[in-house]
Amino acid sequence: MYPPTHVTLEGNTAEPELCELCSTLDFKDLFEWGLADVEIDFGTTDELLAREECDFCRILGTLCEDGLDHLQRGDIPSSPSDGKDRQRGFDLSQEIQALFVRDPAHCLTTKPCLVLKQSYRREYFGPIVSLRTVRGEIRGNLSLEDRRHVDFDLLKRMISKCATTHEECKRDPRDDEEMILIDVDQMCLVQVKSVQYVTLSYVWGNNPIFKTNQSNFQRLQAPGALNKVSNLTRDVAAVVKGLGVRYLWIDALCIIQDDESHKRTQISRMADIYGQSCLTIVALTGTSSESTLPGVSTPRPQTLSVVHGMPFTFHLSGLTKTAHDQVYETRGWTFQERLISRRCLYFTDRQVHFECRHGCTSDHEQIFPENDRRRYATPLNPLQPLHSLDKTEKFSLTTLETFTSMVCQYTSRTLSYPSDIENAFLGIQAFMSRKLSWRFVAALPMGVLDWALLWLPRGQLKRRSWVSTNGKEVRPPSWSWLGWEGQV
Ligand SMILES: [Zn+2]
Ligand SMILES: [Zn+2]
């Protein structure tokens, strides 16, 4: 449906489109064997971004946008000059110069970087690397394409490596119950058990979204009934299909939303639903069910370009950095979904990250040669330290620290309904109970209740209360963090 646009080197003998500046550059010297200091002025960032028709400026432009993004957030990736106090105060309303710099003494690499400069302030981004060796071979054994569309075969290979070699990522054998799932071949709801399925974790957004309820449940079981539900459902179904899986679970469609008893049992089974699924697709940069998955139906910005037979690319920000300011990461419900999943595929604007209990990588990183990859970067999943533990470490320092950090992250998030505070944390409790035999009272671990009662507020707290469906006011116990609104 969405074929990747291949630009393999064999087919890429055409003369590159280069701007006036780039056509004077000696790319072989700059990227493959040169060592001397180089500094080339690419004009202001606006000028660089405007030279879209140039094959080299275009990829520099993607790196430049990344850099501007970092400046805006005030978080600079570990740059070569780390360790010194650096002036970060760029004035983004003023012009910023873009330089192309090779400065081995300062950068600790002979690869050129993009430098964003304003008066005496400089920040380094990159480096930009050629994937070709001096002898002209392509490093890394994957076919190169411009990477604007997601390559499903590549994702499949990443997942199958996990499925075949990681002991800790195997599914716990468990009796399956019948579930409502989406059949992506027929695009309709089905009721099945013991099948392989993918789960979706996403943000509902502020607009009303299409849901399954008692009145349309029958109709949605007819083939084709889910064809036009939302952009997100369409894209996710295309990915699931591309990965060779047939079934998909999405909360809005697979829980009958106005059937209270169905809803209650499904919510209590969250740890199973996400834990038993073979993969969770995380729409990390999406803000609603109308957002698309980048690289599926809509192209991503170009991160690889071939000039004179040389494929150029650069390292992109890691998962933790990208996740940092996403709406997804502020929502209460999404917190446990990705935490209790065995494998997650995070769709972001530039790349698809894969995280399992073993480590993480991304589709972009996969094109770098083995020793050039920053493999197993900081996990985004705070539960990761727990996977290697056994039950003898029930209340060890690691488990207590992990629990503390989870509560701290969870309480910093927002919930649309204050009454969801315990529900959206139940999956995590179930996970801890299964993994470490913890038991909970008001979301505090009972075995170390004396310790758990010593939680502290991080700021102003407000007493949590809500009115239940029978009109009574509900207040969770004040001695638990459940009883309060605000971060602890
Ligand atoms: Zn150019
Ligand atoms: Zn794995």
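**Reading the views.** A residue is called buried when its relative accessible area is under 20%, exposed when over 50%, and partly exposed in between (1.4 Å probe, protein chains only). The model is predicted, so local features need pLDDT of at least 70 and side-chain atom pairs count only at pLDDT 80 or more, while totals for chains, interfaces and linings use all residues. Residues are numbered from 1 along each chain as its sequence is written, chains are lettered from A and ligands numbered from 1 in the order in which they are written, and side-chain values use heavy atoms, without hydrogens or water.

**View 1. Four cysteines hold the zinc ion (ligand 1)**. Here you can find the SG atoms of C19, C22, C54 and C57, which coordinate the metal at 2.3 Å (donors are N, O and S atoms within 2.8 Å of it, or 3.2 Å for Na, K and Ca). The site is tetrahedral because the angles among its 4 donor atoms are 103 to 113° (for four donors, all angles must lie between 85 and 135 degrees). Along the chain, the spacing reads C-x2-C-x31-C-x2-C. C19, in the segment before helix 1 (27-33), and C54, in the loop between helix 2 (45-50) and helix 3 (55-73), are 35 residues apart, so this pair links distant parts of the chain (helices are DSSP runs of H or I, at least four residues, and strands are runs of E, at least two).

**View 2. A closer look at C19 and C54, both zinc (ligand 1) donors**. C19 counts as buried because its relative accessibility is 8%. C54 is buried too, with a relative accessible area of 0%.

**View 3. The largest pocket lies between domain 1 and domain 2**. Its volume is about 1,400 Å³. Of its 41 lining residues, K263, I267, W333, Y417 and D420 are the closest to the centre (lining residues have an atom within 4 Å of a pocket point). Helix 8 (260-268), helix 11 (332-340) and strand 19 (466-467) each supply at least two lining residues; helix 8 gives the most, with 5. Both domain 1 (152-302 + 316-381) and domain 2 (387-485) contribute to the lining, so the pocket lies between them.

Note on methods: On a 1 Å grid over the protein atoms alone, a cavity is a set of points where a 1.4 Å probe fits but cannot get out, and a pocket is an open set with protein on both sides within 12 Å along at least five of seven lines; lining residues have an atom within 4 Å of a point. Grid points are joined across faces, edges and corners, and a volume is the space filled by probe spheres set on the points. Domain bounds come from an automatic or database domain assignment. Four donors count as tetrahedral if all angles lie between 85 and 135 degrees; four count as square planar and six as octahedral if opposite donors are over 155 degrees apart and all others between 65 and 115; anything else is irregular.
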